[in-house]
Amino acid sequence: MSDINKSDNGNFEPRIVAFFCNWCTYTAADLAGTARMTYAPNARVVRVMCSGRLDPQFILMALREGADGVLIGGCHPGDCHYQEGNYKTLRRFTLLKRLLLDMGIEDKRVRMEWIAASEGDRVQRVMNEMTEQLKKLGPLHLEPVSIDTIHKKVEESVAQAEGVKI
Amino acid sequence: MSTPENKTNGTPRIGVYVCHCGINIAAKVNVAECVEFARSLPYVTVAREYKFICSDPGQELIQQDIRDGKIDRVVVASCSPLMHEATFRKATLAGGQNPFFFQMANIREHVSWVTFDKEMATLKAKALIAGAVMRVARHKPLEKTRVPVNPDVLIVGGGIAGIHAALTIADSGKKVYLVEKEPTIGGHMAKFDKTFPTLDCAACILTPKMSAVRSHPNIILWSYSEVSQVDGYVGNFKVKVRRKPRYVDEELCVGCYECIEKCIFKKAKFEDEFNIGLSQRKPIYIPFPQATPLVALIDPETCTEFRTGKCKKTCVDACERKAIDFQQKEEIKEIDVGAIILATGFKIFDATRIPRYGYGKYPNVFTSLEIERLVNASGPTGGEVRLKDGGKPNSVGIIHCVGSRDINTNRYCSRLCCMASLKLAHLIKERTGAEVYNFYIDIRAAGKGYEEFYDKLLKEGVHFIRGRVAEVSDWTMTADEEGKLVIRAEDTLIGVVRRIPVDMVVLAVGLEPSADADNIRRMFNISCSYEGWFLERHPKLAPVSTFTDGISLAGACQGPKDIPDSVAQAGAAAAEALALIDKGFVELEPNTAFVQDEFCSGCCTCVALCPYSAISFSADNNRASVNGALCKGCGTCVAACPSGALQQNLFTDEQIFEEIRGVMNYV
């Protein structure tokens, strides 16, 4: 891995995996490019057809592979190219956020944004904001966990989720 | 497309082609370093750079490497896949390989154009290349399915754009459904008197086209109708159209006006929508004499029979053809079409949003559209420009850019108001001999014959004052301002604040997306710009198509446009629709979901998630299955499948996992 990313001299450059839907947010990122809107180079975009395709595993995997943050971009509510995929994303995301908190992963590391195809400026702003936030948070350190801890955490989560409906 | 080949065996051999895109990429990304980096990645057997890979010689590099057996998968690191994915898939196929053994890394729009620092840009480009390489190693050969295209076309909106597109398509022998929400087609153009810069009479050039629509054997005209539902996909849309009741049988009515004459309301007393409230109509009416179809309609809000049930119904007796039908009900028509053109137009800016210009407060402040009706020979005053008290104006001020080029309202230029204002200035001067003052920011007369028209106006003695108007008020300072409206503006050419007393003020209101634009675009599943204009697929190279295949745009629904531009775009939209229909089939992107039977537990989680009812469950084998023709490839079901039995072609879990590993692990 490159030295630029995880140096400890205060020049920490976070790495972000961004999952963008083809129709809105990916197109908005293209528009930001066409309009030459310069922004933080920290995110690497993975294109999916719809944010509804996002299996929570993808987010976990990105964090495990060394991402300091994950950004999810989809169409605005009501604007999904596939009618309602983004609503499904929203539900999964809400659940995933709880799981991540239980794992000790700070709230701001995983962010979801609705960005329409015409909102190139919003891609710019979100990329810059998130990079700044992650710089403040510092690198993500995932501690190795023992199987006992996992069992314990799972039990806690189950107890917490009792009676909760999303 | 010929049968896709699959010439892979064993370990993938990947070719990586990094594009300079002239200096678009090369100025920010160290291309040579990226090529070197690509060579170090797993499975990569060839890595090259080239000035323009999308050019013929660039594509030839890829094809030759495939033919030479050096590679069996392709990664091109260049622009956005939305730009050139199709190009490189074709090149891969032309080289003799299945076109889906291809992946693009977007190092232009997502890297070189948006990154300041060269080192960071190169790093990011490398990460994206690694992601693409790791992903393409997991690609599988796929085949596009062909589905036939329904040859009928739906056009929504019967303004000049919709009319022109309808006639073009119908003339080629194809069937067109033209749906218009108002009782007549013609749109805004039908309200105009003259058109700039030629001063053609709008009615003289529009009404023949309107009658041609009515009489064309290939056009089914549904006025007073709205699209209520759209399903399906390119080539095979299923559309429901709601036909609102007119309470007059369209087949029987001949537009003789007898019913209107004999209506129990002797005098017209209800606001006439067509004349923007400048005149009155009866409850039974025909919007204007050249309305198409020329069929009366009854407004149930004002008709005594509908309000009380106790009308003498003199209209019914007056109609020899027995066309009036108070029992008429709304009708839902279901049609199948292959292509759709949206030509839903615009609305004018609401001038009351700028209170300092006094619209709605001072009776003699008009919008430009109202003046269009006043100068129109078939308008409420028979073409006389009159003040509200019936008098003739001796001086008129035209304020440009009302609601346009203003951060408080709309930032964009509405494009046509300069020319429309010049036209109105000419017509007002011609009809009344009044002194006409134009208050402008810049005169935008870019169009064929437009600058010449501006010159003509200067010579005619119309006054031009460069400056944004501060306010219109009836507060007077001198005797000659008494009883007048005073326009206060800084004349920026001489650097003084001027007060110009006038009898009449015309606000050149800008254009805005039509009131129902948001509903329409949601129904048709297309995007819009920040302001609400329908979004074209590409601002330069695909200004007529949308992101939804089979749906194109014509006229001002895409952005402010004058008549020549609307007609030109309508012609282009018609050509797009005809190209699609004439081909006879569409090839669908094979990114559909599929069930791996051995893993499916029959839990049915997926079935309810699919918005297209593409997944069915069979109790016989306790398995779900996906209908590939209905699946649109969103992948929502795939993400939800608890056993991982559902996968999506081109977006399998494995492919996405590998892409994540790729973008994270190599730089």
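Predicted model: local features only at pLDDT ≥ 70, side-chain atom pairs only at ≥ 80, totals over all residues.
**View 1. Where chain B meets chain A.** Contact (heavy atoms within 4.5 Å) brings in 54 residues from chain B and 55 residues from chain A. Together the two chains bury about 4800 Å², 60% of it on carbon and sulfur atoms; buried area here is the accessible area (1.4 Å probe) that two parts lose on being put together, summed over both.

View 2. Arg53(A) pairs up with Asp653(B) in a salt bridge, with the closest N and O atoms 2.7 Å apart. The term asks for a side-chain nitrogen of Lys or Arg within 4 Å of a carboxyl oxygen of Asp or Glu. Across the interface of chain B and chain A, 20 residue pairs are in polar contact, both residues at pLDDT 80 or more. A polar contact is a pair of N or O atoms within 3.5 Å; within protein, one must be able to donate a hydrogen and the other to accept it, and residues adjacent in sequence count only if both atoms are side-chain atoms.

View 3. Elements giving two or more residues to the side that touches chain A include helix 3 (81–94), helix 5 (118–136) and helix 18 (653–665) of chain B. Helix 18 of chain B gives the largest share, nine residues. Helices (H or I, at least four residues) and strands (E, at least two) are DSSP runs, numbered from the N terminus. By class, this side of chain B has 27 nonpolar, 17 polar and ten charged residues. Ala, Val, Leu, Ile, Met, Phe, Trp, Tyr, Cys and Pro count as nonpolar, Asp, Glu, Lys and Arg as charged, and the others, Gly among them, as polar.

**View 4. A parallel sheet in chain B.** Five strands line up as an open sheet in the order 20-27-21-22-23, with parallel pairing; strands pair if DSSP finds at least two bridges between them. Strand 20 (365–367) and strand 23 (463–466) of chain B are the edges. Neighbouring strands here are turned by 25 degrees on average, direction ignored. Strands 21 (395–402) and 22 (435–440) of chain B share five bridges, and Val396(B) has Val436(B) as its bridge partner. Helix 11 (368–375) of chain B lies across strands 20 and 27, at about 90 degrees to strand 20. Axes are lines fitted to C-alpha atoms, for helices over the stretch in contact, and angles run from 0 to 180 degrees between N-to-C directions.

**View 5. An antiparallel trio in chain B.** This open sheet of three strands runs 11-12-17, with antiparallel pairing. Strand 11 (225–233) and strand 17 (331–337) of chain B sit at its edges. Seven bridges tie strand 12 (236–243) to strand 17 of chain B, with Val239(B) partnered by Ile335(B).

View 6. Phe196(B) and Pro197(B) are joined by a cis peptide bond, omega about -10 degrees. Pro197(B) falls in the loop between strands 8 (194–195) and 9 (200–201) of chain B. Over in chain A, Arg36(A) has a positive phi near 55 degrees.

Notes:
Residues numbered from 1 in each chain as written. Chains lettered and ligands numbered in written order. Heavy atoms only, no water.
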